[in-house]
Amino acid sequence: MSWRRLWAITTKELRQLRRDRVSLGMIVGIPVIQLVLFGYAINTNVRGIAAGIADQARTSASRALVMDMLATDVVAPVARVETPQQLMVMIRRGEIGVGIVVPPDFEQRRHDGRPVAQVLVDGSDTAVQAVAAQLAQVPVDGAVPDPRAPARSTPPEGAISVVSFYNPERRSAVNIVPGLIGVILTMTMVMFTGIAIVREHERGNMELLIATPLTSAELMIGKVLPYIAIGLLQVSVILALGRWLFAVPVRGSLFDVYVAAGLLIVANLALGLLISTRARSQFQAMQMTMFVFLPSILLSGFLFPFAGMPRIAQWLAEVLPLTHFVRLIRGVMLRGAGLAELWVEVVALAGFTFVMMSVAILRFRKWLD
Amino acid sequence: MNAPSSPGSRADTAIRARGLCKRFGKLLAVDDVDLTVPARQVYGFLGPNGSGKSTTIRMLCGLLLPSAGEIEVLGLEVPKQAEVLRSRVGYMTQKFSLFDDLSVRENLEFIAAVQGISRVVAKTRIDELLVRYRFEGRQHQLAGTLSGGWRQRLALACAVIHRPELLFLDEPTSAVDPESRRDFWEQLFMLADAGTTIMVSTHLMDEAERCHRLAILDRGRLVADGTPPELASALAGRTLLIETDAPRRVHEVLAGIAGVLSVVQVGNSLRVLAGEAADSAQAQQLIETAIASAGQRAQVSVVAPNLEDVFVAATRNEARRPTCAA
């Protein structure tokens, strides 16, 4: 291993990157766009669904019930009408997602213990359906919610605090951003290195490089070094924006966050290099990147809870570096854990890197055939 | 650094290959080639496209594994000692293989570092090369924006930056204008004068003519080998010039005759290459008879063979059996 040759490769990569405006833009552009998308648009915590209200009872208790429902903020009243039929028409037209009906005999039903109100739901949207479940659980004195409402089994009414159960803080940007660091690093790091060696082949540079005393390890490591710095830069961008836009806390040590990110970066770079030795064109390298990226997003626990996945999907997920990183970073950033407490994930990431890098260096042969 | 004057390179033979074969799947790209390249000369490798020139060069500098055969380059066994060899040879690829998005100087700096030249030495060496290849005003220009001739000069500068004892050039001037080609060859002879052995492949006759020695490759086989005058003199008496008023008609007549290898029209005359069996008198008589019996009038004379004749004679040979057949 010659430092001079290693450094030569690294400077060359940086110089080329500096002149490649598109790639340069992606380094900062990808984290910013993804953070904003996931942070704002993809919000599993549904709010402000358009609702129509038909309060046929018009008593103080019925008004109080409607106000309680609106107080959850998951629905926003857009229309007040006279009959349930009007609400159904509005739902069909897509003007509202939810209709709240309080029948004229509300007081009597309340007294009898029969269902006091009905929530009409646009069942074509699963998110709205989940909202109905929330609404149906608003407690009413001496009454049970309508069992026909498309909600799960009704909870016992009374003193149960439904509001705390559906904590609006839950599943918000706070939960998304730490995992998003991993998603962005997986996407950009694997892709950048995935095309790094293929590009040399495509442009004909490789024949020249092979004809020099450059070793496989020097070439591989030299190419990876600049991207470690770039990856850490991306982490900083996400952390800063996450804090600024979504007030995402870092409850553990910032140093641990960077170490965890560093581990994921090298794991992904090693994987990218392996792809690089296998792919024949930059396009193929991109395809292979997607092949890894999609399962990473879906199985890592970033979007869907790991515990709910079938056993075989869990095994697959254990192989993906992102899975371990998501556990690691959520622990450090949200629960304030230290790396030592999460050593299993640290070892998993390091092991993945070691295996991928070794295979990549062994696979890269200094021969043209 | 291994300067050309190091003791190991004083040997008179730079490259020796025996029974060299390369197979790509079913295709036999190089078929039983024997080569001996003397040191400190410009050795040409002439052949049409697809004749196996690039493949042979790549095997000689340890970039491709031969399917069979033995190679010794600068006293090293290839491919076994290919890694050691790499710092002692320079290789200029057929396709421009430097980095388009690096400047002239950055390319040179990169190659110098990769060749393991120390920073201090590299700086003086690069300055020297920039002057010798006249890049002074262009050292910060991106390589991708250079024109063909300049690119080739930059590629040559990069290939010799570590003062290799042996330089492989794979069709270095195929995309270059005549002026730049002449200039490029001047640089090659300067290098040869300084003691570098140069192996250059080409499909251009005028370039082949300038080599000290020449090997002609056809469909993977070595079909001729020697100095250009030697190769030409072997054809003495077999090349004839025919002057006639009806060159097209005479061309048709001669094309069908056994014993005539090729007929090429040059202006109003025809240049004819007779088959191997013929001596000059026989050939001349054969042709005169044929023309007369076709009712045409022509003046037939024997002329000195040139390299193109050599090439045609070597590549129009009778069917051959592959030696490396599996």
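A nonpolar core is a set of buried Ala, Val, Leu, Ile, Met, Phe, Trp, Tyr and Cys residues joined through C-beta atoms within 7 Å. A residue is buried if 20 or more other C-beta atoms lie within 10 Å of its own, with C-beta atoms placed from the backbone.

The model is predicted: local features need pLDDT of at least 70, side-chain atom pairs count only at pLDDT 80 or more, and totals for chains, interfaces and linings use all residues. Residues are numbered from 1 along each chain as its sequence is written, and chains are lettered from A and ligands numbered from 1 in the order in which they are written.

**Exercise 1. Nonpolar cores**

Task: State which residues touch the most other members of the largest nonpolar core.

Solution. 
Step 1. The largest nonpolar core holds 171 residues, and A:Ala270, B:Leu60, B:Phe168 and B:Val272 touch the most other members.
Step 2. Helix H8 (residues 173-203) of chain A gives the most to this core, namely 16 residues. Helices (H or I, at least four residues) and strands (E, at least two) are DSSP runs, numbered from the N terminus.
Step 3. Another core, of 25 residues, lies apart from it; A:Ile53, A:Val75, A:Ile96 and A:Val116 are among its residues.
Step 4. Consider B:Val272, leaving aside its neighbours within four places in sequence: B:Val272 is in contact with B:Leu240, B:Ile242, B:Leu254, B:Val260, B:Val263 and B:Ile287. Two residues are in contact if their C-beta atoms, placed from the backbone, lie within 7 Å.

**Exercise 2. Domains of chain B**

Task: Determine how domain 1 of chain B meets domain 2 of chain B.

Solution. 
Step 1. Chain B is divided into domain 1 (1-88 + 165-181 + 192-225), domain 2 (100-163) and domain 3 (237-303), with bounds from an automatic or database domain assignment.
Step 2. The centres of domain 1 and domain 2 of chain B, taken over C-alpha atoms, are separated by 24 Å.
Step 3. Eleven residues from domain 1 of chain B and nine residues from domain 2 of chain B take part in the contact.
Step 4. On the domain 1 side there are seven nonpolar residues, three polar and one charged.

**Exercise 3. A sheet of chain B**

Task: Give the strand order of the open four-strand sheet in chain B, and name the helix that packs on the sheet.

Solution. 
Step 1. The order is S2-S1-S4-S5, with antiparallel pairing. Two strands pair if DSSP finds at least two bridges between them.
Step 2. Strand S2 (27-38) and strand S5 (76-78) of chain B are the edge strands, each pairing on one side only.
Step 3. Strand S1 (residues 13-24) of chain B is joined to S2(B) by eight bridges; B:Lys22 has B:Val30 in S2(B) as its bridge partner.
Step 4. Helix H1 (residues 53-60) of chain B packs on the sheet and touches S1, S2, strand S4 (68-73) and S5 of chain B.

Conventions. Ala, Val, Leu, Ile, Met, Phe, Trp, Tyr, Cys and Pro count as nonpolar, Asp, Glu, Lys and Arg as charged, and the others, Gly among them, as polar. A residue is buried if 20 or more other C-beta atoms lie within 10 Å of its own, exposed if 12 or fewer, and partly exposed in between; C-beta atoms are placed from the backbone. Axes are lines fitted to C-alpha atoms, for helices over the stretch in contact, and angles run from 0 to 180 degrees between N-to-C directions.
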